[in-house]
Amino acid sequence: MTRARLTYVPLEVADQFEDFIIKRDEQVLDAVKAKTKDYSTLSLLKLLYQLRGCAMTFSELYSKSKIRMKRSFLNYLHLCVDYNFVKKEPVGANMIYSITDKGHTMLHLFMQKEI
């Protein structure tokens, strides 16, 4: 059995994946502090949801995903790349991350509302 965890979830992600939210707490800028279930799945979805519209640099994705611990963020990002949900391409001095078709499929399996 997974235990509930307190985390920050971007507002749009919290609205889209309400089944993962046990209890909403205070709102901080564009995120809500929430008690969540299935934390690992939600963390993957936070990454994929941010990439659904456009590719991002590492820093942009880290900031917008609201995964606060960089080590955790790296673990979830590497998992997404390893499972071909996200692809990374070097562009100049930056690494650009974008969602793949497989990543879109994964994201849409969990979506409650169409965007």
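Contact is taken here to mean heavy atoms within 4.5 Å, and helices (H or I, at least four residues) and strands (E, at least two) are DSSP runs numbered from the N terminus. The structure is a predicted model, in which local features need pLDDT of at least 70 and side-chain atom pairs count only at pLDDT 80 or more, whereas totals for chains, interfaces and linings use all residues. Residues are numbered from 1 along each chain as its sequence is written, and side-chain values use heavy atoms, with hydrogens and water left out.

The protein chain contains five helices and six strands, arranged along the sequence in the pattern β-α-β-β-α-β-α-α-β-β-α. Its radius of gyration, taken over C-alpha atoms, is 14 Å, close to the 13 Å given for 115 residues by the globule rule (2.2 Å times the number of residues to the power 0.38), so the chain is as compact as a globular protein of that length. The C-alpha trace spans about 40 × 30 × 25 Å along its principal axes. Of the 115 residues, 39% count as buried (under 20% relative accessible area with a 1.4 Å probe, protein chains only; exposed is over 50%, and partly exposed lies in between). Among contacts with a separation of 6 or more, 51% join residues 24 or more positions apart.

Helix 2 (residues 39-51) and helix 4 (residues 70-82) have axes that come within 10 Å and cross at roughly 75 degrees, the axes being lines fitted to C-alpha atoms over the stretch in contact and the angles running from 0 to 180 degrees between N-to-C directions. Helix 2 is therefore roughly perpendicular to helix 4 (65 to 115 degrees; under 35 is roughly parallel, over 145 roughly antiparallel and the rest oblique). On the side of helix 2, Tyr39, Ser40, Ser43, Leu44, Leu47 and Leu48 meet Phe73, Tyr76, Leu77, Leu79 and Cys80 of helix 4. The residues of this contact comprise nine nonpolar, two polar and no charged.

Five salt bridges are present in the structure, each defined by a side-chain nitrogen of Lys or Arg within 4 Å of a carboxyl oxygen of Asp or Glu. One of them joins Asp30 and Lys66 (3.1 Å, N to O); because Asp30 lies in the loop between strand 2 (21-28) and strand 3 (31-36), and Lys66 in the loop between helix 3 (58-65) and helix 4, the pair ties together parts that are 36 residues apart in sequence. Asp30 is partly exposed, at 45% relative accessibility. Another salt bridge links Arg24 and Asp15 (2.8 Å, N to O), with Arg24 partly exposed at 36% and Asp15 partly exposed at 35%.

Key. Ala, Val, Leu, Ile, Met, Phe, Trp, Tyr, Cys and Pro count as nonpolar, Asp, Glu, Lys and Arg as charged, and the others, Gly among them, as polar.
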